[in-house]
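The sequence and coordinates are shown first, and the description follows.

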Amino acid sequence: MTSEYLIYKSLLVVLVFVITLVVAMYSTYAERKIAAFLQDRIGPNRAGPFGLLQPLADGVKMFMKEEVIPGTSNKALFILGPAISILFSFLTGAVIPWGSAVNIMGSEYSLQIADVNIGILYLFGVVSMGVYGIMIGGWASNNKYSLLGAIRASSQMISYEVAMGLSIIALVMTTGTLSLNEIAAQQQGWHWNILIQPLGFLIFVICAFAETNRAPFDLPECETELVGGYHTEYSSMKLGFYLFAEYINMFISSAVIATFYFGGYNMPLIARFVHDSNALAILGVVFLFAKIFFFIFCFMWVRWTLPRFRYDQLMNLGWKTLIPLSLLNIVITGAVMMRHEIFQLFVK
Amino acid sequence: MQLTSRSKVVSNKTMTFKERIYLPAIFSGMMITLSHLFKKKVTIQYPEQTRPVSQIYRGQHTLKRDEIGAERCTACGLCAIACPAEAIIMVAAERKKGEEHLYREEKYAAVYEINMLRCIFCGDCEEACPKEAIFLTDRKVDSDYQRKSFIYGKDILVEGIEPDKRVDVSKRETAAVAEFKTHKEYDHNKVLKRNNK
């Protein structure tokens, strides 16, 4: 392991970290703007040109606010909750292939922090750790609304992780790999997985909405019933971390959806016009971010369109609809993959 | 009784498959919100833009001066009696020699205060005034942090002497209005009589 390699990797880590932060920061701005536009309003436009400094102002506000830790709370866990939440949101960015490899002075530099061959498993492991942040935070607050929100969050996330995992199994069957880099590389040109796995994509997207606690699955923090949900007792930057973690999750989910089903950094027909591999890699990053931003927009678009589910509807959808559907998807995928063998079985 | 032509009879029928998968409905709903993305925004950016108001809008009052700049108000108190919100108080004083250019008649209001938090901007004071002294204008009452600053005295209410500081009330002080005021059988005059009893 050369020092050059270490520098390149740490540079990439810092870059991904900073980009994640900036995107999450401006997602809050975009959310407010999109919400405003969808409701025929203008949205924040006072801080800086077009209100572009609004996220900074919000951040300053969050830091300046009084920090209240309830006397009856479990202090250590109370602090641990948001820390876990934001930590595991950041960790997921490590396996996303942000672009194909860049060639600088004869050596290849992959634009992925860690090309682990079990990338999907890693992703799932880290995402399910995110539940702990919410659960611990809600429990440590010692408040019934927080606890109810936390219980809702954990049961919701656990339920939808099953369907999500099953929908991914069908994808793994067709791609034959668990590495995100390979999945992205396989989708060159028009071979996007959405065309092979439309039902799987639908299930995955619905589960992604549920996993990120976004509307219409935002029951853990529904204001109408639970005051604020699991973060009712939180204030200052601890609350900021929880809210920020949600936006980071949204960013990473969009990146994962783009990588799994929409070709990642690939764009059809582009190889005809651009032949330099480095330029292609840079363009790939641009395309990936364009796709990510589109999905972030979709997340917000859905939030400001659909009303929230009732809790029993949520559980019905998860267990009685999505899980059977994803199982059916696996069976159909398997049948199509083994069609020659099945055909020969009948011919004999 | 049918109240509207858009009423729908609610039925409890079982949903069709298309309705049960919800996706077409979700899609059409999202198209509706998407169309709003491009619609004209209704927001009025307040301090920079203001909503246009009618020229006979009933806003902040003004106490008029006559042509030479003397105050028209004679502190008769009819506006205070007419006021349903009891927002007006005044203290009358006698005009001294040499003050003819300041006050039009022998009696004037030394103190004239309107509590803008009590005022309901009905315009009854204006209607009651026999001297064409008080008018409501299309100006809005400024906001403030303290209640006591909403008791407007003569320093705010009386218009300036200089021609450019005069408040234009020509839209409210029309010949038709003056004609209307001369009719003693109309309600506004009857109310005053009743109160005077």
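B:Leu136 lies in strand β4 (residues 134–136) of chain B; helices (H or I, at least four residues) and strands (E, at least two) are DSSP runs, numbered from the N terminus. B:Leu136 counts as buried because it has 20 C-beta neighbours inside 10 Å. A residue is buried if 20 or more other C-beta atoms lie within 10 Å of its own, exposed if 12 or fewer, and partly exposed in between, with C-beta atoms placed from the backbone. Leaving aside its neighbours within four places in sequence, B:Leu136 is in contact with B:Arg58, B:Gly59, B:His61, B:Phe121, B:Gly123, B:Glu126 and B:Arg172; contact requires that the C-beta atoms of two residues, placed from the backbone, lie within 7 Å. The C-alpha atoms of B:Leu136 and B:Glu99, which are 37 residues apart along the chain, are separated by 27 Å.

The model is predicted: local features need pLDDT of at least 70, side-chain atom pairs count only at pLDDT 80 or more, and totals for chains, interfaces and linings use all residues. Residues are numbered from 1 along each chain as its sequence is written, while chains are lettered from A and ligands numbered from 1 in the order in which they are written.

**Confidence**

The predictor's confidence in each residue, pLDDT, runs from 0 to 100. Chain A has a mean pLDDT of 85, and 99% of its residues reach 70 or more. Within chain A, confidence is lowest in helix α9 (residues 223–226), at a mean of 69, and highest in helix α8 (residues 198–211), at 89. Where pLDDT is low, the predicted coordinates should not be read in detail.

**The two chains**

Chain A contains 14 helices and two strands. Its radius of gyration is 21 Å, close to the 20 Å that the globule rule gives for 348 residues, so chain A is as compact as a globular protein of that length. The radius of gyration is taken over C-alpha atoms, and the globule rule is 2.2 Å times the number of residues to the power 0.38.

Chain B has seven helices and five strands, in the sequence order α-α-β-α-β-β-α-β-β-α-α-α. The radius of gyration of chain B is 27 Å, well over the 16 Å that the globule rule gives for 197 residues, so chain B is more spread out than a compact globule.

**Nonpolar cores**

A nonpolar core is a set of buried Ala, Val, Leu, Ile, Met, Phe, Trp, Tyr and Cys residues joined through C-beta atoms within 7 Å. The largest such core has 78 residues, and those with the most contacts inside it are A:Phe204, A:Cys207, A:Phe251 and A:Ile257. Helix α10 (residues 236–261) of chain A gives the most to this core, with 16 residues. Apart from neighbours within four places in sequence, A:Phe204 is in contact with A:Met164, A:Ser167, A:Ile168, A:Ile257 and A:Phe260. A second, separate core of 23 residues includes B:Leu63, B:Leu78, B:Ile88 and B:Ala133.

**Helix geometry and backbone angles**

Helix α5 (residues 144–175) of chain A has 32 residues and should span 46 Å at 1.5 Å a residue; its end C-alpha atoms are 45 Å apart, which agrees. The expected span of a helix is 1.5 Å times one less than its number of residues. Just after α5 of chain A, A:Gly176 takes a positive phi of about 75°.

Most residues other than glycine have a negative phi. A:Ser236, however, has a positive phi near 55°. A:Ser236 lies in helix α10 of chain A and counts as partly exposed because it has 16 C-beta neighbours inside 10 Å. B:Ala75 also has a positive phi, near 55°. B:Ala75 is placed in the loop between β1 (61–63) and α3 (78–82) of chain B, and its 23 C-beta neighbours inside 10 Å make it buried.

**Contact between the chains**

Ten residues of chain A are in contact with ten residues of chain B. On the side of chain A that touches chain B, α1 (3–38) and α12 (277–303) each supply at least two residues. By class, this side of chain A has seven nonpolar, one polar and two charged residues. Ala, Val, Leu, Ile, Met, Phe, Trp, Tyr, Cys and Pro count as nonpolar, Asp, Glu, Lys and Arg as charged, and the others, Gly among them, as polar.
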